[in-house]
Amino acid sequence: MIDYADAYQVQMECVKQVTKDETQKLIFCEHPAVLTLGRLAVDQHIFATADELNKLGVAVHRIDRGGEVTLHAPGQLVIYPILNLNTWKKDLHAYLHSLEEVAIDLLKEFDIVAERNSGKTGVWVQHKKIVSIGVGVKKWISYHGLAINVNTDLKLFSLIRPCGLDVSMTSMKEILGRDINLKDIKKHLIKIFSKQFNLHIDE
Amino acid sequence: MNKLILPELGEGITKAMIAGWHKNPGEAVKRDEDMVEVATDKAIFNIASPCDGVVNELRFKEGQEVQIGEVLAFIK
(Lines give C-alpha, C1' and ligand atoms only; values in the text may rest on other atoms or scores of the structure.)
Protein backbone atom coordinates (compact mmCIF):
# COMPACT_ATOMS: atom_id res chain seq x y z
CA MET A 1 0.00 0.00 0.00
CA ILE A 2 1.62 3.22 -1.12
CA ASP A 3 0.33 6.76 -1.66
CA TYR A 4 -0.28 7.66 -5.28
CA ALA A 5 2.15 10.58 -5.18
CA ASP A 6 4.91 8.51 -3.57
CA ALA A 7 4.40 5.74 -6.13
CA TYR A 8 4.69 8.34 -8.89
CA GLN A 9 8.09 9.44 -7.53
CA VAL A 10 9.22 5.80 -7.43
CA GLN A 11 8.12 5.36 -11.04
CA MET A 12 10.03 8.45 -12.20
CA GLU A 13 13.15 7.16 -10.43
CA CYS A 14 12.74 3.77 -12.14
CA VAL A 15 12.22 5.46 -15.53
CA LYS A 16 15.58 7.23 -15.06
CA GLN A 17 17.27 3.95 -14.17
CA VAL A 18 15.79 2.06 -17.11
CA THR A 19 16.80 4.92 -19.42
CA LYS A 20 20.38 4.25 -18.30
CA ASP A 21 19.97 0.72 -19.59
CA GLU A 22 19.32 -0.84 -16.21
CA THR A 23 16.92 -3.69 -15.51
CA GLN A 24 13.30 -3.16 -16.50
CA LYS A 25 10.81 -3.24 -13.66
CA LEU A 26 7.29 -4.27 -12.79
CA ILE A 27 5.87 -2.43 -9.80
CA PHE A 28 2.85 -3.97 -8.03
CA CYS A 29 0.98 -1.91 -5.48
CA GLU A 30 -2.30 -0.76 -4.00
CA HIS A 31 -3.19 2.86 -3.31
CA PRO A 32 -5.27 4.28 -0.47
CA ALA A 33 -8.50 5.69 -1.96
CA VAL A 34 -7.62 8.53 -4.33
CA LEU A 35 -9.16 10.27 -7.31
CA THR A 36 -6.62 11.35 -9.91
CA LEU A 37 -7.61 14.15 -12.24
CA GLY A 38 -5.77 14.64 -15.50
CA ARG A 39 -5.67 17.90 -17.39
CA LEU A 40 -8.78 16.95 -19.33
CA ALA A 41 -10.79 16.21 -16.18
CA VAL A 42 -13.73 18.45 -15.50
CA ASP A 43 -15.30 18.87 -12.10
CA GLN A 44 -18.66 17.59 -13.37
CA HIS A 45 -17.07 14.16 -13.55
CA ILE A 46 -16.89 14.11 -9.75
CA PHE A 47 -20.35 13.67 -8.31
CA ALA A 48 -19.37 14.03 -4.65
CA THR A 49 -18.61 17.27 -2.82
CA ALA A 50 -15.22 17.92 -1.24
CA ASP A 51 -16.84 17.32 2.18
CA GLU A 52 -18.25 13.95 1.15
CA LEU A 53 -14.90 12.87 -0.26
CA ASN A 54 -13.23 13.96 2.93
CA LYS A 55 -15.63 11.94 5.05
CA LEU A 56 -15.04 8.85 2.91
CA GLY A 57 -11.31 9.37 3.21
CA VAL A 58 -10.86 9.78 -0.55
CA ALA A 59 -7.97 12.05 -1.50
CA VAL A 60 -7.98 14.09 -4.72
CA HIS A 61 -4.78 14.36 -6.69
CA ARG A 62 -4.35 16.59 -9.75
CA ILE A 63 -1.84 15.20 -12.18
CA ASP A 64 0.11 16.93 -14.88
CA ARG A 65 -1.03 14.85 -17.80
CA GLY A 66 -3.98 14.03 -20.03
CA GLY A 67 -6.73 11.63 -19.14
CA GLU A 68 -9.68 12.26 -16.96
CA VAL A 69 -10.89 11.05 -13.57
CA THR A 70 -9.54 7.75 -12.28
CA LEU A 71 -10.22 6.06 -8.97
CA HIS A 72 -7.71 3.94 -7.09
CA ALA A 73 -8.62 2.21 -3.85
CA PRO A 74 -7.58 -0.72 -1.69
CA GLY A 75 -8.38 -4.08 -3.28
CA GLN A 76 -7.45 -2.73 -6.71
CA LEU A 77 -4.13 -4.12 -7.94
CA VAL A 78 -2.11 -1.47 -9.73
CA ILE A 79 0.74 -2.54 -11.99
CA TYR A 80 3.28 -0.06 -13.26
CA PRO A 81 5.48 -1.71 -15.91
CA ILE A 82 8.67 0.31 -16.41
CA LEU A 83 9.68 -1.23 -19.70
CA ASN A 84 12.13 -0.22 -22.37
CA LEU A 85 9.96 -0.09 -25.49
CA ASN A 86 13.05 0.74 -27.57
CA THR A 87 13.97 -2.92 -27.30
CA TRP A 88 10.36 -4.12 -27.68
CA LYS A 89 8.30 -2.05 -30.12
CA LYS A 90 8.21 1.72 -30.40
CA ASP A 91 4.45 1.64 -30.80
CA LEU A 92 2.01 3.16 -28.29
CA HIS A 93 -1.07 1.37 -29.56
CA ALA A 94 0.72 -1.99 -29.71
CA TYR A 95 1.79 -1.42 -26.10
CA LEU A 96 -1.74 -0.58 -24.93
CA HIS A 97 -3.00 -3.60 -26.85
CA SER A 98 -0.45 -5.86 -25.15
CA LEU A 99 -1.43 -4.62 -21.70
CA GLU A 100 -5.06 -5.42 -22.54
CA GLU A 101 -3.91 -8.87 -23.64
CA VAL A 102 -2.12 -9.36 -20.30
CA ALA A 103 -5.31 -8.48 -18.39
CA ILE A 104 -7.50 -10.72 -20.57
CA ASP A 105 -5.07 -13.63 -20.06
CA LEU A 106 -5.04 -13.04 -16.31
CA LEU A 107 -8.83 -13.09 -16.07
CA LYS A 108 -8.91 -16.27 -18.16
CA GLU A 109 -6.88 -17.96 -15.38
CA PHE A 110 -9.87 -17.27 -13.13
CA ASP A 111 -12.38 -18.46 -15.75
CA ILE A 112 -13.54 -14.92 -16.41
CA VAL A 113 -14.18 -14.14 -20.07
CA ALA A 114 -13.09 -10.56 -20.70
CA GLU A 115 -12.78 -8.57 -23.89
CA ARG A 116 -11.81 -5.27 -25.44
CA ASN A 117 -14.40 -2.64 -26.21
CA SER A 118 -13.66 -1.21 -29.64
CA GLY A 119 -12.36 2.32 -29.49
CA LYS A 120 -12.11 2.36 -25.69
CA THR A 121 -8.93 1.35 -23.94
CA GLY A 122 -9.40 -1.10 -21.06
CA VAL A 123 -10.84 -4.54 -20.44
CA TRP A 124 -14.50 -5.36 -20.01
CA VAL A 125 -16.71 -8.19 -18.80
CA GLN A 126 -20.21 -8.07 -20.25
CA HIS A 127 -20.11 -4.31 -20.83
CA LYS A 128 -18.75 -3.57 -17.38
CA LYS A 129 -15.21 -2.28 -17.06
CA ILE A 130 -12.92 -4.40 -14.90
CA VAL A 131 -9.44 -3.15 -15.86
CA SER A 132 -8.43 0.45 -16.54
CA ILE A 133 -5.34 1.16 -18.58
CA GLY A 134 -3.42 4.40 -19.02
CA VAL A 135 0.25 4.71 -19.86
CA GLY A 136 2.92 7.34 -20.07
CA VAL A 137 6.10 7.10 -22.12
CA LYS A 138 9.34 9.07 -21.84
CA LYS A 139 12.10 8.31 -24.36
CA TRP A 140 10.21 5.10 -25.05
CA ILE A 141 10.41 4.02 -21.40
CA SER A 142 6.92 3.26 -20.09
CA TYR A 143 5.31 4.28 -16.80
CA HIS A 144 1.75 4.20 -15.38
CA GLY A 145 -0.08 1.05 -16.48
CA LEU A 146 -3.00 -1.09 -15.36
CA ALA A 147 -5.48 -0.97 -12.51
CA ILE A 148 -7.28 -4.28 -11.98
CA ASN A 149 -10.39 -4.25 -9.84
CA VAL A 150 -9.85 -7.36 -7.76
CA ASN A 151 -11.65 -6.72 -4.46
CA THR A 152 -12.24 -2.97 -4.96
CA ASP A 153 -15.23 -1.45 -3.15
CA LEU A 154 -17.28 -0.68 -6.27
CA LYS A 155 -19.49 1.82 -4.45
CA LEU A 156 -16.60 4.26 -4.62
CA PHE A 157 -16.99 4.45 -8.41
CA SER A 158 -20.39 6.06 -7.97
CA LEU A 159 -18.44 9.16 -6.86
CA ILE A 160 -17.15 9.73 -10.37
CA ARG A 161 -17.76 9.30 -14.05
CA PRO A 162 -14.70 7.15 -14.75
CA CYS A 163 -12.63 8.38 -17.69
CA GLY A 164 -15.52 10.65 -18.63
CA LEU A 165 -17.45 7.61 -19.87
CA ASP A 166 -20.86 6.44 -18.78
CA VAL A 167 -19.73 3.00 -17.71
CA SER A 168 -20.37 0.74 -14.82
CA MET A 169 -17.46 -0.97 -13.18
CA THR A 170 -17.11 -4.51 -11.95
CA SER A 171 -14.52 -6.48 -10.01
CA MET A 172 -13.23 -10.04 -9.85
CA LYS A 173 -14.85 -10.29 -6.42
CA GLU A 174 -18.24 -9.26 -7.80
CA ILE A 175 -18.00 -11.82 -10.60
CA LEU A 176 -16.59 -14.71 -8.56
CA GLY A 177 -18.43 -13.99 -5.33
CA ARG A 178 -15.32 -14.21 -3.16
CA ASP A 179 -12.24 -12.23 -2.14
CA ILE A 180 -9.18 -12.98 -4.24
CA ASN A 181 -5.67 -12.92 -2.82
CA LEU A 182 -3.67 -10.20 -4.58
CA LYS A 183 -0.51 -12.29 -4.19
CA ASP A 184 -2.05 -15.00 -6.39
CA ILE A 185 -2.83 -12.41 -9.04
CA LYS A 186 0.72 -11.11 -8.89
CA LYS A 187 2.12 -14.62 -9.45
CA HIS A 188 -0.06 -15.13 -12.52
CA LEU A 189 0.82 -11.69 -13.84
CA ILE A 190 4.56 -12.30 -13.60
CA LYS A 191 4.13 -15.37 -15.80
CA ILE A 192 1.86 -13.61 -18.26
CA PHE A 193 4.08 -10.52 -18.52
CA SER A 194 7.16 -12.71 -19.13
CA LYS A 195 5.40 -14.38 -22.02
CA GLN A 196 3.80 -11.27 -23.50
CA PHE A 197 6.93 -9.11 -23.42
CA ASN A 198 9.53 -11.90 -23.60
CA LEU A 199 11.06 -10.98 -20.22
CA HIS A 200 12.90 -12.93 -17.58
CA ILE A 201 11.44 -11.71 -14.28
CA ASP A 202 13.13 -12.08 -10.86
CA GLU A 203 10.90 -11.40 -7.88
CA MET B 1 16.31 27.51 -35.68
CA ASN B 2 15.75 23.94 -34.44
CA LYS B 3 12.44 22.18 -34.87
CA LEU B 4 10.53 20.07 -32.35
CA ILE B 5 8.73 17.45 -34.44
CA LEU B 6 5.93 15.02 -33.57
CA PRO B 7 7.68 11.67 -34.13
CA GLU B 8 6.26 8.34 -35.27
CA LEU B 9 4.26 6.86 -32.38
CA GLY B 10 3.37 3.50 -33.88
CA GLU B 11 1.71 1.66 -36.71
CA GLY B 12 -1.48 3.31 -37.92
CA ILE B 13 -1.11 6.34 -35.63
CA THR B 14 -1.46 9.40 -37.85
CA LYS B 15 -2.08 12.10 -35.26
CA ALA B 16 -1.94 12.94 -31.57
CA MET B 17 -3.38 15.61 -29.32
CA ILE B 18 -1.33 18.21 -27.47
CA ALA B 19 -1.92 17.28 -23.82
CA GLY B 20 0.29 19.91 -22.26
CA TRP B 21 3.31 22.14 -22.79
CA HIS B 22 6.07 22.20 -20.18
CA LYS B 23 7.65 25.33 -21.65
CA ASN B 24 6.49 28.76 -22.79
CA PRO B 25 7.99 30.98 -25.51
CA GLY B 26 11.06 32.81 -24.21
CA GLU B 27 11.95 30.07 -21.72
CA ALA B 28 15.31 28.35 -21.82
CA VAL B 29 15.31 24.63 -22.49
CA LYS B 30 18.03 22.01 -22.25
CA ARG B 31 18.64 19.13 -24.63
CA ASP B 32 16.61 16.07 -23.48
CA GLU B 33 14.40 18.18 -21.22
CA ASP B 34 10.66 17.42 -21.62
CA MET B 35 8.96 20.04 -23.81
CA VAL B 36 5.48 18.68 -24.46
CA GLU B 37 3.16 15.76 -23.75
CA VAL B 38 0.99 14.43 -26.54
CA ALA B 39 -1.85 11.95 -26.14
CA THR B 40 -3.23 9.16 -28.31
CA ASP B 41 -5.95 7.01 -26.78
CA LYS B 42 -4.86 6.29 -23.21
CA ALA B 43 -1.19 6.85 -23.88
CA ILE B 44 0.73 9.99 -23.06
CA PHE B 45 4.02 10.50 -24.88
CA ASN B 46 6.67 12.97 -23.68
CA ILE B 47 8.73 14.74 -26.31
CA ALA B 48 12.06 16.19 -25.21
CA SER B 49 13.95 19.08 -26.72
CA PRO B 50 16.52 18.05 -29.37
CA CYS B 51 18.92 20.84 -28.29
CA ASP B 52 19.85 23.52 -25.75
CA GLY B 53 18.21 26.84 -26.55
CA VAL B 54 15.32 29.20 -25.99
CA VAL B 55 11.75 28.39 -26.99
CA ASN B 56 10.88 30.68 -29.89
CA GLU B 57 7.38 29.60 -30.85
CA LEU B 58 4.81 26.97 -29.84
CA ARG B 59 2.75 26.25 -32.94
CA PHE B 60 -0.22 24.48 -31.31
CA LYS B 61 -2.41 24.92 -28.26
CA GLU B 62 -3.30 22.32 -25.67
CA GLY B 63 -6.20 20.20 -26.93
CA GLN B 64 -5.29 20.64 -30.62
CA GLU B 65 -4.71 17.65 -32.87
CA VAL B 66 -1.43 17.41 -34.72
CA GLN B 67 -0.30 15.16 -37.59
CA ILE B 68 2.76 12.93 -37.23
CA GLY B 69 5.82 14.71 -38.66
CA GLU B 70 4.48 18.22 -38.04
CA VAL B 71 6.64 20.88 -36.42
CA LEU B 72 5.33 21.53 -32.88
CA ALA B 73 7.72 24.25 -31.85
CA PHE B 74 10.81 26.21 -32.86
CA ILE B 75 13.84 26.46 -30.55
CA LYS B 76 16.51 29.13 -31.07
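Where in chain A does H127(A) lie? Select it and follow the tour from there.

**Ground rules.** This is a predicted model, in which local features need pLDDT of at least 70, side-chain atom pairs count only at pLDDT 80 or more, and totals for chains, interfaces and linings use all residues. Residues are numbered from 1 along each chain as its sequence is written, chains are lettered from A and ligands numbered from 1 in the order in which they are written, and side-chain values use heavy atoms, without hydrogens and water.

**Stop 1: H127(A).** H127(A) sits in the loop between β7 (120-125) and β8 (128-138) of chain A. Strands here are DSSP runs of E, at least two residues; helices are runs of H or I, at least four; both are numbered from the N terminus. Check the backbone: phi of H127(A) is near 70°, positive in a residue other than glycine. Most residues other than glycine have a negative phi. H127(A) counts as exposed because its relative accessible area is 68%. Exposed means over 50%, buried under 20%, partly exposed in between (1.4 Å probe, protein chains only).

**Stop 2: D111(A).** Now go to the loop between α3 and β6 (115-117) of chain A, where D111(A) lies. D111(A) also has a positive phi, about 60°, although it is not a glycine. Its relative accessibility is 73%, so D111(A) is exposed.

**Stop 3: D91(A).** Next, select D91(A), in the loop between β5 (76-82) and α3 (92-109) of chain A. D91(A) is buried but has no salt bridge. That term requires a side-chain nitrogen of Lys or Arg within 4 Å of a carboxyl oxygen of Asp or Glu. K89(A) has the nearest side chain of opposite charge, 6.9 Å away. In this count Lys and Arg are positive, Asp and Glu negative; His and the chain ends are left out.

Show the backbone nitrogen of H93(A): a polar atom of the D91(A) side chain lies 3.1 Å from it. Then display the contacts (heavy atoms within 4.5 Å). Leaving aside residues up to four places away in sequence, D91(A) touches W140(A) and, in chain B, L9(B), G10(B), E11(B) and I13(B).

**Stop 4: all of chain A.** Zoom out. Chain A has five helices and ten strands. Its C-alpha atoms fill a box of roughly 45 × 35 × 30 Å along the principal axes. Of its 203 residues, 52% count as buried. Among contacts in chain A with a separation of 6 or more, 73% join residues 24 or more positions apart.

Key. A polar contact is a pair of N or O atoms within 3.5 Å; within protein, one must be able to donate a hydrogen and the other to accept it, and residues adjacent in sequence count only if both atoms are side-chain atoms.
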